[in-house]
Amino acid sequence: MNRTELLNRLQDIFRQELQDESITLTEETTAEDVNGWTSLTHAQLINNIEDQMNIHFSVREMMGWQNVGEIMDSIERKL
Amino acid sequence: MIFNSLPFLLFFTVVFFLYWFVGEKNVKVQNWILLLANCFFYGYASLKMLPVILIATLLFYYIGLKIEHAYDNPDSEQAEKTGSRWTTFGIVIGVGVLLYFKYFNFFIESFISLFSLFGLQSNWHTLHIIMPLGISFFTFRLLAYVLDVNHGKQHAETDFVRFAVYVSFFPCILSGPIDRPQFIKQLGKLRVFRFETAQDAVYQFLWGLFKKVVIADNCASYVDAAWNNIDGSDASTLCLAAFLYAFELYADFSGYSDMAIAVGKGLGLKITDNFRTPFFALNIADFWRRWHISLTQWMTDYVFMPLNLSFRKNGKAGIIMAIIINFLIVGMWHGDSWIFALYGLYHGLLFVPLILSGAFYQMPKIQVYEHLNLPKPKDFGRILLTFLLVTLGFILFRADSLTHFAQYLTSMCKMSLFTMPLVRSALTRTLLFTLIMIVVEWLLRDKPHPFAVQNHPLACRIIYIYVLIFCILEYAGDAQSFIYFQF
């Protein structure tokens with residue numbers, strides 16, 4: 001999976017989890033840019049990513065993410 | 001030295017002129033003036049404890065640099081290990097200082113009670129510990145700093161003066177708001193005096209002062225009288241006192257926060273918000289997004305989030321666990337008593353229906369009739385219900401023990417609930433001023449702060465200032481200490 005495919009895959013997960021088809025992600029997207037991506041929905045989003053990609057993140061890793069690009073970096077290291 | 005006192009007025013006048021005239025063109029001078037002002041302010045309040053905050057500041061400054069230095073290592077695994085070790089050290093020191101000064105005797109007493117419950121004797125003794133003022137506030141600032149540096153959200157501060165100003169900033173040191181390390185960024189830039197900002201600061205300060213001395217202090221007289229004579233009071237009086245306590249607490253703490261934020265503005269610095277019209281919250285989750293915001297956000301980022309992420313495989317049960325633990329800590333943060341833990345647990349449990357129904361994830365917005373500027377009946381009902389639940393929680397917050405709480409609650413549930421409450425002196429005007437506060441905050445609920453009137457015509461603003469000063473001078477209640485100083 002290349003970087004663009006990974007970004008599209010994440011975008012689908014975000015759209016499905018947050019029930020918003022208008023969500024468009026870039027590597028620079030942060031929680032502030034996405035309606036509904038809050039501290040409350042964050043854990044559900046991560047859980048969904050882990051389940052669909054069959055990977056596992058550490059809490060420390062997750063706490064350090066600043067934007068979508070950094071989530072992608074973590075995923076790429078695990079795939 | 002409280003904001004509504006002559007010593008503070010003199011102190012701030014001196015700081016203000018030195019800061020804007022001597023430090024006008026040099027950011028380093030501005031920061032040094034702030035640091036000296038912080039030391040004087042803290043030393044004036046508690047000279048003995050000044051070394052505690054100074055040593056803690058030095059230590060965390062060093063830890064921050066060590067964490068950042070650790071991540072310079074090209075071996076990322078080793079870097080993470082060393083960085084985490086220094087962060088853990090910082091957390092142990094920060095939490096340890098807080099536990100020792102604030103909770104040591106509480107734990108000893110709890111163990112003694114537990115042992116005696118099983119008929120066991122223990123020869124443990126409590127210690128005479130003086131709690132440093134503002135410890136709950138400055139330790140949270142220090143902890144946030146090491147955690148953010150470790151997560152790469154914040155660079156370690158190399159300038160000690162800037163770091164020390166962040167930790168000990170005098171408007172917030174005794175009662176918050178709890179600013180985050182991002183505050184330090186402002187200290188790197190020269191602050192320029194802006195008349196409009198200073199004007200806005202005056203409006204916010206006066207509004208905060210009005211809430212504190214006219215509303216909170218007047219409510220306090222009625223509330224204290226009721227709590228001091230629970231058995232001799234009618235249920236209706238106790239019920240009214242419970243509502244007034246909710247307003248007292250809000251006016252006291254938000255009044256302090258408004259004044260602190262205004263003082264910060266007067267020095268060209270933005271302090272984080274602490275309240276956003278909490279009594280218009282539509283449910284308990286909404287309430288905590290509006291009440292003591294700086295603490296709620298701190299807890300969300302550093303306690304709830306890691307817990308929620310750890311429990312993510314447990315679905316809603318995981319969220320409930322994370323919320324309950326989070327609110328138990330919020331409760332205990334307020335003081336060394338099991339009653340505060342119960343207060344936290346109560347609020348945590350109020351979240352359960354919201355989590356189960358999914359309402360927890362929504363950010364509700366009040367539906368209003370545009371032409372009347374009044375909430376629609378359904379939302380008015382939700383606001384009222386949330387207020388009732390919060391007021392019930394505040395009875396727990398105000399009680400000294402569970403027995404005390406039960407006594408108050410049972411005394412409130414008597415037939416005398418349907419009689420007229422006792423009318424003490426100043427009650428009518430207390431209720432009137434409280435109503436004015438509610439109406440003003442409702443009308444200005446979408447503004448940056450509850451008394452943001454800088455866009456109003458000049459004549460109106462002059463009248464506002466005149467009325468506020470008149471009320472403060474004429475109708476101030478008996479001077480009371482700020483409730484949150486004890487925490």
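How much area do chain A and chain B bury between them, and what share of it lies on carbon and sulfur atoms? The two chains bury about 1800 Å², with 60% of it on carbon and sulfur atoms. Buried area here is the accessible area (1.4 Å probe) that two parts lose on being put together, summed over both. Leu40(A), Arg60(A) and Met63(A) supply 42% of the area that chain A buries against chain B, more than any other three residues.

The model is predicted: local features need pLDDT of at least 70, side-chain atom pairs count only at pLDDT 80 or more, and totals for chains, interfaces and linings use all residues. Residues are numbered from 1 along each chain as its sequence is written, chains are lettered from A and ligands numbered from 1 in the order in which they are written, and side-chain values use heavy atoms, with hydrogens and water left out.

Contact (heavy atoms within 4.5 Å) joins 19 residues of chain A to 21 residues of chain B. The interface of the two chains holds 3 salt bridges, each defined as a side-chain nitrogen of Lys or Arg within 4 Å of a carboxyl oxygen of Asp or Glu. Glu50(A) and Arg312(B) form a salt bridge through their side chains, at 2.4 Å from N to O. Between chain A and chain B, 5 residue pairs are in polar contact (both at pLDDT 80 or more). A polar contact is a pair of N or O atoms within 3.5 Å; within protein, one must be able to donate a hydrogen and the other to accept it, and residues adjacent in sequence count only if both atoms are side-chain atoms.

On the side of chain A that touches chain B, helix H2 (39–53) and helix H3 (59–64) of chain A each supply at least two residues. H2(A) gives the most, with 10 residues. This side of chain A comprises 7 nonpolar, 9 polar and 3 charged residues.

Within chain B, domain 1 spans 6–193 and domain 2 spans 196–282 + 364–486. These bounds come from an automatic or database domain assignment. The domain centres, taken over C-alpha atoms, are 30 Å apart. Their contact takes 24 residues from domain 1 of chain B and 18 residues from domain 2 of chain B. The two domains bury about 1700 Å² between them, and carbon and sulfur atoms give 70% of this area. Pro171(B), Ser175(B) and Pro177(B) supply 31% of the area that domain 1 buries against domain 2, more than any other three residues.

Definitions and conventions: Helices (H or I, at least four residues) and strands (E, at least two) are DSSP runs, numbered from the N terminus. Ala, Val, Leu, Ile, Met, Phe, Trp, Tyr, Cys and Pro count as nonpolar, Asp, Glu, Lys and Arg as charged, and the others, Gly among them, as polar.
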